[in-house]
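Visitor: I would like a close look at one part of this model, where the two chains meet, and then at how that part sits in the rest. Please take it step by step.

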There are 2 protein chains.
Amino acid sequence: MLIEPIPNGNVTTPQGFRAGAVCAGMYAGGLKAGALDLALLVSDRECSAGGVFTRNLVKGAPVVVCRERLAQGRLRAVVANSGNSNSLNGPGGYRDATEMTELAASHLGLAPEEVAVSSTGVTGVAMPMEKVRAGLPRIGVDRDGGSAFAHAIMTTDTYGKECAFAVRDEAGVYYVGGCAKGSGMIHPDMATMLAYVTTDAAVERGLLQRLTAEVADETLNMLSVDGDTSCSDTLLVFANGAAGGPRVEAGSARAEAFRDALRAVCLQLTRLLARDGEGAGRMIEVEVHGAVSLADARRVARTITTSPLVKTAVAGADPNWGRILVAAGRAGAALEEAKTSMRLQGELLLDRGTAQPFDEETLHQKLAADEVRIELDLGLGDAVARAWGCDLTTEYVHINADYRT
Amino acid sequence: MLIEPIPNGNVTTPQGFRAGAVCAGMYAGGLKAGALDLALLVSDRECSAGGVFTRNLVKGAPVVVCRERLAQGRLRAVVANSGNSNSLNGPGGYRDATEMTELAASHLGLAPEEVAVSSTGVTGVAMPMEKVRAGLPRIGVDRDGGSAFAHAIMTTDTYGKECAFAVRDEAGVYYVGGCAKGSGMIHPDMATMLAYVTTDAAVERGLLQRLTAEVADETLNMLSVDGDTSCSDTLLVFANGAAGGPRVEAGSARAEAFRDALRAVCLQLTRLLARDGEGAGRMIEVEVHGAVSLADARRVARTITTSPLVKTAVAGADPNWGRILVAAGRAGAALEEAKTSMRLQGELLLDRGTAQPFDEETLHQKLAADEVRIELDLGLGDAVARAWGCDLTTEYVHINADYRT
């Protein structure tokens, strides 16, 4: 069994998926005026689908509609827009989100129950439905449209996030492709992060939902740009079986291979999202070993990636390991200073509680890289977790202090 | 019964307390070179004392020593320094913290068990004990030294935080005075925040400890600058009875008055700390009503004050109320969008889930104030809580990205 990355792969790399996008004028001006902002992704044939959504108690109307549709079991397409999140809009928001699925269904020759909807952008402003009604019928979907889809859902993202992997075994080959958007308001529990994964493998629906949730907890839910969760976060996975080959069923070697490929896609999207965090200069990857439990390992890893003091130290390429240890100490996980070891960019700074000498200037230069790696060994147990984030720069503040006004 | 503020009051306003400070050269250069950095506060007579400390599992050596001394029940003085936090220094740090109390005791003619110690500044660097040994004997303590003490413990603070109140009743008058330092790494659970409160009332020791913990939970523990808790946080309260008058005992009207005065001091210190958060342009006060429980009310209030997106919106004077509601939605407290109301600077923006029209420019101008007030009514119960924080500015990033390097 082989899992190989496909250069320039995306959500239309798997067979039987088409996508496309237009500029519907969702941005009156500013940020993305004139760029793609309304998009469709559709499977040519029936699908199984899995999804996970924001756990914020305040949910955008599109998330409410998506969850209903996913439960109906017939999803095979999604309409998505940027520029307006259609959240905090009361009952009118729900009507608009529903109408978007109806418009998309009518355009694609599907039933509304087959269409999911996602929106990202400003909150508390009614969707400009006249623009959606005018723009949506203009969207042509084709086999090359994956990248246009990925770009249409961008907001403050500085690049599209896309990837695909091929999975080869004795039964043949299938593909898993994905795209995501998200730059600020990103945190576990699916912050304003939209992600879509497609595969032409045939995957049993219950298994697909379970793997979607499991893989999200290891990858996208371990990502944090700013600790703020959005009310719109969505990960949808579509499996249409167009590649042929045996169905992927629970407990089989094929299920494990599919899980690995799904994780590879979600991990790559997670890293692409972390690297493009609002104002980010560098990505942070934290790996925690030796925790008493998986929950503890995740708590420590996430607390470090969300600490403003750690994030600003990384922005300054400052080997201020004390901030990392102190963040770990408030994570709510079991920790003993005298048993804790730490490496920064591979350099051992703390060996079971004892600070190690290091050359500050050398480490400062090592930290001035695109990726900063923090390894913590709690020395208490066997649990391991990884988390991803980015540094906190003055640019983050500019982006978010000036977003609306 | 009357509780009145004392202009320019501080920790030596209550009778029988003396303080003083010197420049011991704890800062080799930079930030505070040449300024006061080593200080003493002492009661002329025996005291009862109460204290609360960081809940971070990584604790600075001074906190470890302080807790031991508090348990011994004889505390009446504190030696404190800025420039070095004496934390993450292993067993050597504990020895140095102990020696500081011994040096102070010897200088003041006390037993080491009567002296607490606090240190704030860089972590993971051994205390320059030769400077402490040379500087400490030079400290003269007197009745006017409260302000020097408050200034010596400052790090990135831009002003000293001090206040005092007089409590008058039929038995006479007594005073409660306080000072605090803290600007970054400030968050509930006592982040690098040092605070000292003195009173010349006589307060029964058990009552004093209980009131200290209760009042801290309502005031200093509801403060957050950046969500990062320090390993050095300390609040110590000394009551020496020098004012005469009956002892303050549990269940009495005098106990309630003392509690009100202690709260007034801690609340004032909390507001002074919030206003001086690292890089802060404005203070944020959040008041949550209608929560199902006190824990829920506190969770929502604190989540709002720690949200980077809320904090950057306040920095931009942006009436982006959606960010506030969405932060509340991820607080882990019961919340129903359709029952939630919100006021920003007194203006009703959300009435039981329905957005209210408002003039964006007018509200933008109202938000460009020194204090921003957010009121949220969850409409679910009777619990109320307040929390304090500050906006997140580019200056915060500058301060913390450049702190050591």
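Guide: Leaving aside residues within four places in sequence, Asp391(A) is in contact with Ala280(A), Gly281(A), Arg282(A), Ile284(A), Lys311(A), Val314(A) and Ala315(A). This is a predicted model, and what follows should be read as such. Asp391(A) sits in the loop that runs between β16 (383-390) and α11 of chain A. Because 25 C-beta neighbours fall inside 10 Å, Asp391(A) counts as buried, the cut-off being 20 or more. Asp391(A) and Thr312(A) are 79 residues apart along the chain, yet their C-alpha atoms are separated by 6.0 Å.

Three of those partners, Lys311(A), Val314(A) and Ala315(A), fall in the stretch 308-315, which is α8 of chain A, one of the elements that give two or more residues to the side touching chain B. For the state of this helix, take chain B. There, α8 (residues 308-315) is mostly covered, with eight of its eight residues buried. They are Pro308(B), Leu309(B), Val310(B), Lys311(B), Thr312(B), Ala313(B), Val314(B) and Ala315(B). Just after α8(B), Ala317(B) takes a positive phi of about 50°.

Now the contact between the chains. In total, 48 residues of chain A are in contact with 47 residues of chain B. On the chain A side, the elements that supply two or more residues are α8 (308-315), α9 (321-329), β14 (354-355) and α11 (394-401). The largest share comes from α9(A), which gives six residues. By residue class, this side of chain A divides into 19 nonpolar, 21 polar and eight charged.

How are the two copies related? Chain A can be laid on chain B with an RMSD of 0.0 Å by a turn of 180° and a shift of 0.0 Å along the axis. The two copies are thus related as by a two-fold rotation axis. The copies meet through the same surface, because 98% of the interface residues of chain A are also interface residues in chain B. Among the residues of chain A, Thr394(A) comes closest to the rotation axis, with its C-alpha at 2.3 Å.

Thr394(A) also takes part in the pairing of the α11 helices. Thr394(A), Val397(A) and His398(A) in α11(A) meet Thr394(B), Val397(B) and His398(B) in α11(B). The residues of this contact divide into two nonpolar, four polar and no charged. The axes of α11(A) and α11(B) come within 8 Å and cross at roughly 170°. The two helices are therefore roughly antiparallel to each other, since angles over 145 degrees count that way.

The largest nonpolar core has 263 residues, and the members that touch the most others are Ala39(A), Leu41(A), Phe149(A), Ala39(B), Leu41(B) and Phe149(B). Not counting residues up to four places away in sequence, Phe149(A) touches Val11(A), Ala19(A), Ala21(A), Ala39(A), Leu41(A) and Cys179(A).

In chain B, His151(B) is placed in helix α4 (residues 146-152). His151(B) counts as buried because 22 C-beta neighbours lie inside 10 Å. Beyond four places in sequence, the contacts of His151(B) are Ala21(B), Leu36(B) and Gly160(B). His151(B) and Leu38(B) are 113 residues apart along the chain, and 9.5 Å separates their C-alpha atoms.

In chain A, Gly135(A) belongs to helix α3 (residues 129-135) and is buried, with 21 other C-beta atoms within 10 Å. Apart from residues up to four places away, Gly135(A) touches Val22(A), Ala24(A) and Leu38(A).

Finally, two backbone details of chain A. Most residues other than glycine have a negative phi. Asn8(A) has a positive phi near 60° and lies in the loop between β1 (2-5) and β2 (17-22). Leu88(A), also not a glycine, has a positive phi of about 60°, in the loop between β5 (77-84) and α2 (90-108). Is each of them buried or exposed? Asn8(A) is exposed, with 11 other C-beta atoms within 10 Å, whereas Leu88(A) counts as buried, with 24 C-beta neighbours inside 10 Å.

Definitions and conventions. Residues are numbered from 1 along each chain as its sequence is written. Chains are lettered from A and ligands numbered from 1 in the order in which they are written. This is a predicted model: local features need pLDDT of at least 70, side-chain atom pairs count only at pLDDT 80 or more; totals for chains, interfaces and linings use all residues. Copies are superposed by least squares on the C-alpha atoms of residues with pLDDT of at least 70 in both. Two residues are in contact if their C-beta atoms, placed from the backbone, lie within 7 Å. A nonpolar core is a set of buried Ala, Val, Leu, Ile, Met, Phe, Trp, Tyr and Cys residues joined through C-beta atoms within 7 Å. A residue is buried if 20 or more other C-beta atoms lie within 10 Å of its own, exposed if 12 or fewer, and partly exposed in between; C-beta atoms are placed from the backbone. Helices (H or I, at least four residues) and strands (E, at least two) are DSSP runs, numbered from the N terminus. Ala, Val, Leu, Ile, Met, Phe, Trp, Tyr, Cys and Pro count as nonpolar, Asp, Glu, Lys and Arg as charged, and the others, Gly among them, as polar. Axes are lines fitted to C-alpha atoms, for helices over the stretch in contact, and angles run from 0 to 180 degrees between N-to-C directions. Angles under 35 degrees count as roughly parallel, over 145 as roughly antiparallel, 65 to 115 as roughly perpendicular and the rest as oblique.
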